[in-house]
Amino acid sequence: VLQPLVENAIQHGIAPAREGGRVSVRVAREGSTIRVEITNTLAERAGNGTHTAGDEARARLHHCFGDRAGFEAGREDGHYRVWITLPTTNNQPCDTP
């Protein structure tokens, strides 16, 4: 789930910027959930993209965790952020590669 999101951050957020940029991945446990935040700076000319990586991540998370997982993404203060919320336990099988 994380790999295509980080690759997109680099390809669409960092690579177009002349001055480069920054990608960060943060993971924290919050009670009975794990919260993942991926943030990247945006080039001035960054487009909106096709959202394919986000759609695929949502589908994988739903397959593995149902409604117990969350996915949010959007632009904020010159950055693009993705927030993923996962339960700390999974009682259903997940066969997604």
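Okay, let's start with the two helices: α1, residues 2-14, packs on α2 at an angle of about 165°, and their axes are 9 Å apart. Axes here are lines fitted to C-alpha atoms over the stretch in contact, with angles running from 0 to 180 degrees between N-to-C directions. So α1 is roughly antiparallel to α2, a label used for angles over 145 degrees.

Before I go on, this is a predicted model, so local features need pLDDT of at least 70 and side-chain atom pairs count only at pLDDT 80 or more, while totals for chains, interfaces and linings use all residues. Residues are numbered from 1 along each chain as its sequence is written, and side-chain values use heavy atoms, with hydrogens and water left out.

Who meets whom? On the α1 side we have P4, L5 and N8, and they meet A53, G54 and A57 in α2; contact means heavy atoms within 4.5 Å. By class, that's four nonpolar, two polar and no charged residues.

Now the core. The largest nonpolar one has 13 residues, and L5 is among those with the most contacts inside it, as are F65 and F71. A core like this is a set of buried Ala, Val, Leu, Ile, Met, Phe, Trp, Tyr and Cys residues joined through side-chain atoms within 4.5 Å, buried being under 20% relative accessible area with a 1.4 Å probe, protein chains only. Helix α2 gives the largest share, five residues.

Look at F71 too: leaving out residues up to four places away in sequence, F71 touches L5, G54, A57, R58, L61, V82, W83 and I84.

Overall, the chain reads α-β-β-α-β-β, and 29% of its 97 residues count as buried.

Note on methods. Buried < 20%, exposed > 50% of the residue type's maximum accessible area, 1.4 Å probe, protein only. Helix = DSSP H or I, 4+ residues; strand = E, 2+ residues; numbered from the N terminus. Parallel < 35°, antiparallel > 145°, perpendicular 65-115°, else oblique. Nonpolar A, V, L, I, M, F, W, Y, C, P; charged D, E, K, R; others polar.
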